[in-house]
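Have the coordinates open while you read.

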Amino acid sequence: MTVTYVGVRHHSPACARLVRRTIAELRPAHVLVEGPADFNDRLDELLLGHTLPVAIFSHHRDGERRHASWTPFCAYSPEWVALTEGRAAGAEVRFIDLPAWHPAFAGRSNRYTDAEERYAEATGRLCREFAVDNTDALWDHLVEIQDDDGMADRLAAYFDLVRGESAAGEDDTAREAYMARWIKAAEADAAGRPVVVVTGGFHRPALRALAGRAAPEKGWPEVPRPPDGATGGSYLVPYSFKRLDAFTGYQSGMPSPEYYQRVWEDGPQAAADALTEAVVRSLRERRQPVSTADLIAARTLTEGLTRLRGHRAPARTDLLDGLVAALVTDDLEQRLPWTGRGPLRSGAHPAVVAMVRALSGDRVGRLAPGTPAPPLVHDVTAELERLGLDGAGHVTLDLTGEPDLTRGRTLHRLRVLDVPGFRRESGPAGGADPVLEEVWSLTPDGDRLPALIEAGAYGATLREAAAAALDGRIAAAGPDMRALAAVLFDAALCGSADLSDRIALALRRGIAHAPDIGALGHVLGTVLGLWRHDRVLGTAGSPLFGAVIDGCVRRVLWQVEGVRGGPAPADLERLRALAAVRDAVLHAAEVIDLDRAAVLATAARVSADTDAPPDLRGAAFGLCWSLAGATGAAADPERAVRGAASPGVLGDWLAGLFALARDEVITAGNGSVLAVLDELVGRLTETDFLVALPALRQAFAFFPPRERETIARGLLERRGLRGSARSLLRTAAPPELLAAAAELDLRATTLLTTEGLLKDPPP
Amino acid sequence: MTEQMVQRPPAEARFADELERLRQNDAAPRPPGWALSLDAARRFIVGDDALGVRRKFVGDPSLIDRSLVTLATSRGLMLVGEPGTAKSLLSELIAAAVSGDSTLTIQGGAATTEDQIKYSWNYALLVAEGPSTRSLVPAPLLRGMAEGKVVRFEEITRCPLEVQDSLLSPLSDRVLAVPELTGPDAMVFAREGFNVIATANTRDRGVNEMSAALKRRFNFETVFPIADFGTELELVEAEAAALLERSGVQAAPRRDVLEVLVTTFRELRSGSTADGRPTERPSAVMSTAEAVAVAHAVGVRGWFLRGEPGDAADIVECLAGTAAKDSPEDLARLRRYLEQQASRRGGEQWKALHAARHRLPGR
């Protein structure tokens, strides 16, 4: 048989050694590797002499889905060893798996994720059999720490057992069928010379069976092409050990890359020694006490565990278990991360964190010069250079003119693409914010290039990519109005506030389902400011924002009519939302597809609805008053105030009224609303006054000090008194204290009266 | 007194046959003073199908590895964790495996004195003969040192600090002075095989108050509640079935009822539901041991009141006593859980649990 199948676990040094030995022994004509077949004509790019780890980043976007995934390589990846050693041995090297965009990979962001998860039952049984904690410990026990002799048979037995008779899922079946075709083609082409196939061990049994059955292949299989209209591509990106590590990365494979890197370079004993030292050093740097006695204990325990578990040298968990038993002298809050799988949670013991971090390592890959990069990288580099933003330090921008406006937009676009190293220190925080200066701090960052390459998935130019990223965020915000407000402001800052039909639809749909009036009001306020005033960012009159205003006004009015409830403290956010509606109706009528009469009718209904909460009724009345003021169809405010005169309701009703029609109240003068109010409050009993007081205070807080002074002067005049209106507004003690004193006073009087000690009961 | 009449014989008696089989098949080297090799001791606890040795502790096997290796070194073993995580069972099993004797036990408490740890006197003999080895009454620590055995110290943190510190010199110098005696009897040197397993639970005073000197002489192992739902369910089912049989209940517990029970316990313990919604954690201990106790009570209620296995309504009745104990806040938390979480679940038993929520006492 000329085809040799090497089933591997991705990122396993033991498997990498096996691949190296197999290629050296067989000197094959073809080496076939599990990897994206559409990258085959660019293999030279992969072998340019990068500093590992690097990854092939692939992105894809079509009408239905958007997908990004990585195919990572480090020095001890069996796939990497197969590529490099295969080349060196003069073999033809090819990737044989489906391309990353293929639907078989939908939902997977790492091609080399462990497949064990899909066979958890079998591995669980083995873990129990060998009495180990999890599959990683099992793998170390059975493979990594064992002698290289007989490795191929041991691996084959392991994977056959784990895969068993169970049928693979649909995705795996499609991939295996495709890989089998390449194997047949290579077999035919080799004409009797050896062929080495390096794939995940779980595919090995299936591939052997498939390739044994299948008809011979004529020529190399064609590489599937993405559907028409889809965009996508693959580029190399620098990768890092942090992302490789299962403890911190998502969907990754073997944990502790630094440990395995050292095992690959120097063997397990040297790796254990070096990492013990690294852990102790990092703990001592963090001022955690580690005595020599602790160190001796750690060594002894590691040695003991190694022997107990029958290992020839300390395995990863022997090392970790020895260290943790010796160094941790507290109870732990959570179980040790290496007894389970998944990311390290917050609150882990500092010694445990240091151990995991030391074994994870901080190596970062670097691409060789001349590695092709997506157009976005070149666009950004040129743009930054042109605008003089390629340095480091603080940059202050004057937003009132060019070229700083363009510079600001460029920086904001990089920010929304999450490219590290561009931080906004200060600048305008909203459409009506009178700040015209923006300060940025620029710091060169090693992660900038990978982030840019990955952002390349959004588009070829910075403008396009930022707009696409914002589109995505708008769609993702859905009915979450606070998120939407943030995105829209970002869009304004990026100069991307133009509107496509698709986005308009997504926006309308999101707003139409927004559940929270307060949040809607927040968006409406933000956007109205940007739409009306913003000449700096150039968003005044923007159709995107017009559409948002229209949607929000309709939604708020719809929501308001549905609110039911008895007396309750005034909801200020709700009142602000209604105020924003009033502003929109007054100042942005041309973008609202709803006439004033309809708004007035809604407001009148709410204000007359006895089931609606008082603050909302007051606000609705205020809305009527302020809008109708222009048309002259005002309702009778005095009657309305008398209607809301009960002490539990009055303050909240007024809060609504003042939030919406403060100006009208003042303009109407002391003869109307305020006079009625004065009369009503004067007639309140002591008890009722105390009940109404907090809400009344809140309501009058809507008036700025100057207007409060006007009101106070009116009160003095009405009583025919002379004096300073301002001094009336100042109180000698904090109002809470006065209220408490009044209440105490009242309680004492009541008590005295009931006991018959006071003749005249209080009014 | 025959074996049958003892309510709960020690581990070395309960599993005498397993220990014997392991001893006969034990070819690996034994640490000095040990009854079994490390490997055989490990198999005694994690189980060995080939020798017919049952798995006795459900938890990470690496915890057993670390514990045994610790005992083979010069540091003591400190098992810490929430109440009801089988710390005492584990210490008993380890002592039985390592020394063949798990009875050298000191029960820690507020009233524990040095006498109960080291030695005391037979006062009649002391008065008649003066201090001598005859009038000396050795306590577990002295015996463990003299005989080279593992001493168990339960709930060490419940003892006063100065009493805890009486372990210092036995653990570091491996010697215990008896100043009342003279000559070679005045110093008891620990023989090979002596070590200490202490347990402490994190709900009581915790290990933070322990002196640093004593902490340094122990390796700490935290015992966690069972991570895996299936494993915990199996354990509860097996233990409850055994208890019910001993109580004379002839109906085995229903699995769907136990599923509801174990899920409730796990969610209240972790403070979040399986789909990630937060719930309020009661201050009472929601351990596996408590779940077994509730399952037992549920079965007893069902059988002796109605002649059938217990159902979800019985769970509610029993939960009030075990989970809420005497705390009205816990009762409120429990009520909220039953109202809000149980109603979301599908399945007959969840519906029954929700329907029975009014059986909680109060309000």
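Helix axes here are lines fitted to C-alpha atoms over the stretch in contact, and angles run from 0 to 180 degrees between N-to-C directions. Keep in mind that this is a predicted model.

With that in hand, look at helix α29 (residues 686-700) of chain A and helix α32 (residues 735-754) of chain A: they pack at an angle of about 165°, and their axes are 10 Å apart. Angles over 145 degrees count as roughly antiparallel, so that's what α29(A) and α32(A) are to each other. The crossing of α29(A) past α32(A) is left-handed. On the α29(A) side, A:E686, A:T687, A:L690, A:L693 and A:R697 make the contact, and they meet A:P735, A:A739, A:A742, A:E743 and A:L746 of α32(A). By type, the residues of this contact split into six nonpolar, one polar and three charged.

Zooming out, chain A has 32 helices and 10 strands. Chain A is more spread out than a compact globule, because its radius of gyration is well over what the globule rule gives for 763 residues. Here are the lengths:

| Chain A length | Value |
|---|---|
| Radius of gyration | 36 Å |
| C-alpha box along the principal axes | roughly 115 × 65 × 50 Å |

Buried residues account for 44% of chain A. Of the chain A contacts between residues at least 6 apart in sequence, 76% join residues at least 24 apart.

Notes. Residues are numbered from 1 along each chain as its sequence is written. Chains are lettered from A and ligands numbered from 1 in the order in which they are written. This is a predicted model: local features need pLDDT of at least 70, side-chain atom pairs count only at pLDDT 80 or more; totals for chains, interfaces and linings use all residues. Helices (H or I, at least four residues) and strands (E, at least two) are DSSP runs, numbered from the N terminus. Angles under 35 degrees count as roughly parallel, over 145 as roughly antiparallel, 65 to 115 as roughly perpendicular and the rest as oblique. A crossing is left-handed if the near helix is turned anticlockwise from the far one by less than a right angle, and right-handed if clockwise. Two residues are in contact if their C-beta atoms, placed from the backbone, lie within 7 Å. Ala, Val, Leu, Ile, Met, Phe, Trp, Tyr, Cys and Pro count as nonpolar, Asp, Glu, Lys and Arg as charged, and the others, Gly among them, as polar. The radius of gyration is taken over C-alpha atoms; the globule rule is 2.2 Å times the number of residues to the power 0.38. A residue is buried if 20 or more other C-beta atoms lie within 10 Å of its own, exposed if 12 or fewer, and partly exposed in between; C-beta atoms are placed from the backbone.
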